Amino acid sequence: MAIVIDKDKCVGCSLCLQNCPFNAITMVDGKAEIGEACTACGTCIDVCPVGAISKEETKKEGVDITQYHGVWVVAEQREGKLQNVAIELLGEGRKLADDLGCELAAVVLGKNVSAIADELGHYGADKVYFADADELEIYTTDAYSKVIYEAVEKYKPEVLLIGATYLGRDLAPALAVRLNTGLTADCTKLEIDKEHMQLMQTRPTFGGNLMATILCPNDRPQMSTVRPGVMAKAEYREDGKAEKIELAATFADGDIRTKVLDVVKAVGETVSLTDAKVIVAGGNGVGGPEGFELLKKLADKLGGTIAASRACVDNGWIDHSYQVGQTGTTVKPALYIACGISGAIQHLAGMQESGQIVAINKNETAPIFEVADYGIVGDLFKVIPAILDELDKRPE
Ligand SMILES: Cc1cc2nc3c(=O)[nH]c(=O)nc-3n(C[C@H](O)[C@H](O)[C@H](O)COP(=O)(O)OP(=O)(O)OC[C@H]3O[C@@H](n4cnc5c(N)ncnc54)[C@H](O)[C@@H]3O)c2cc1C
């Protein structure tokens, strides 16, 4: 979009200049003129008393969006194992591809990934683009973005979905810059606008208080990252089979500017919140790191894992990998027990899709009770031992 001024209508009142938030308008020979700082926000259109200002569609040189077809999913694998987020993106990608009436493809990079390419067919990919090379065994931004960039330039998908994992958060912006297109990070909802056949990308904004739907009308591909655990997984079909297309993966000296010397795995507990069926989460109300020991007893009893609100992570009581919410992990267990958690919108963003939510809070007006299926008003240090006692009475 660009702002244009009808010089014949402009009366030189300078109201647009005074109201422009970006100081992008100047007066030249008594007429308003739009400068480079313009963001096409449209404030000037609203204030112009004579209707001399309007917005005009701009078409970027060299991008013919009609050339782009198909939905692509970057399928992340680690040490030869397909990551769950790839299966979730295939589930969502299938819906988008069906709405657009196009093919769904997956892209997988690594070393010896041919078997993963077959697996992707079972999860609904019509085509799998794969690249096998020593340089792709361990992720580097340069190697991955070069291969995917060249593939996108050649095959021109209209939608490109990437998991908002550590890898995806590094890869997606690097690719978007190379492709000169837009990127919407951390989408929680993706839909097709059937009128214009374009992707509507919805994500939380302003600290989770608003949901923004973002379009990318003039550039392709339309790129989104989606967090693990947000979308429903594609179903495994025994008869699913994809056409496999091998991508070129050749690198010249200087193409890969970083060298991975060693991969050091994080020591200590690893937690997989996205796969947990039962989560017992603690908030400020647990009072300190030792409060989680009680929660752990309940989680162990129920075959689940513990998690935390950001307050506990910020207090240094527990590692960030346990955090649920907008800036933590999005979870969808069958049972989520929130203990001493107030229910801030940023926390709810990460757990409100859980099957059953039980809230234990001593404040009966805490917002967590609004999303809870069962609420227990009380002190968690009395309520949890009582639940444990009851569970102990039951046969294993
Ligand atoms: C940009 C942004 C991103 C954020 N991202 C996240 C996120 O990803 N995850 C997240 O969790 N937060 C996030 N937050 C922070 C969020 O706004 C809240 O501050 C946070 O969730 C509060 O944590 P809490 O509920 O544990 O603590 P509090 O709000 O302090 O609530 C503690 C609750 O415990 C209850 N309580 C106290 N003692 C007991 C007891 N003995 N027994 C029972 N109940 C008790 C109290 O009544 C209270 O309701 C984010 C904030 C911003 C601005």
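**Backbone geometry, ligand shell and cysteines of the predicted model**

Glu-79 lies in the loop between β6 (77-78) and β7 (81-82), where strands are DSSP runs of E of at least two residues, helices are DSSP runs of H or I of at least four residues, and both are numbered from the N terminus. The structure is a predicted model, in which local features need a pLDDT of at least 70 and side-chain atom pairs count only at pLDDT 80 or more, whereas totals for chains, interfaces and linings use all residues. Residues are numbered from 1 along each chain as its sequence is written, and side-chain values use heavy atoms, with hydrogens and water left out.

Although Glu-79 is not a glycine, its phi is positive, at about 50 degrees, and the residue is exposed, with a relative accessible area of 69%; here exposed denotes over 50% relative accessible area, buried under 20%, and partly exposed the range in between, computed with a 1.4 Å probe and protein chains only. Ser-14, likewise not a glycine, has a positive phi of about 70 degrees and is placed in the loop between β1 (2-5) and α1 (15-19), but Ser-14 counts as buried, at 18% relative accessibility. A further backbone feature is the cis peptide bond that joins Arg-220 and Pro-221, for which omega is about -5 degrees; Pro-221 is found in the loop between β14 (210-214) and β15 (222-226). Such features stand out because most residues other than glycine have a negative phi, and most peptide bonds are trans.

Over the whole protein there are eleven helices and 21 strands, and the C-alpha atoms fill a box of roughly 85 × 55 × 40 Å, taken along the principal axes. Of the 396 residues in the protein, 46% are buried. The chain is divided into domain 1 (2-56), domain 2 (65-246) and domain 3 (278-393), with bounds that come from an automatic or database domain assignment. The centres of domain 1 and domain 2, taken over C-alpha atoms, are separated by 40 Å.

The ligand is surrounded by 25 residues, of which the closest are Asn-284, Ser-309, Thr-327, Ser-342 and Gln-346; a residue belongs to this shell if one of its heavy atoms lies within 4 Å of the ligand. The shell divides into six nonpolar, 16 polar and three charged residues, under a scheme in which Ala, Val, Leu, Ile, Met, Phe, Trp, Tyr, Cys and Pro count as nonpolar, Asp, Glu, Lys and Arg as charged, and the others, Gly among them, as polar. At least two residues of the shell are supplied by each of α8 (310-314), α9 (345-348) and α11 (380-393). Oxygen atoms of the ligand are placed 2.6 Å from a polar side-chain atom of Ser-309, 2.8 Å from a polar backbone atom of Asn-284 and 2.9 Å from a polar backbone atom of Gly-340.

Elsewhere, Thr-165 lies in the loop between β10 (159-163) and α6 (166-179) and is buried, with a relative accessible area of 11%; the side chain of Thr-165 makes a polar contact of 2.6 Å with the side chain of Glu-76.

A search of the whole structure for disulfides, each taken as a pair of cysteine sulfur atoms within 2.5 Å, finds zero. Cys-13 is in no disulfide, its nearest cysteine sulfur being that of Cys-16 at 6.1 Å, and Cys-13 is partly exposed, with a relative accessible area of 36%. Cys-216 is in no disulfide either, and the nearest cysteine sulfur, that of Cys-187, is 11 Å away; Cys-216 is buried, with a relative accessible area of 8%.

Definitions and conventions:
A polar contact is a pair of N or O atoms within 3.5 Å; within protein, one must be able to donate a hydrogen and the other to accept it, and residues adjacent in sequence count only if both atoms are side-chain atoms.
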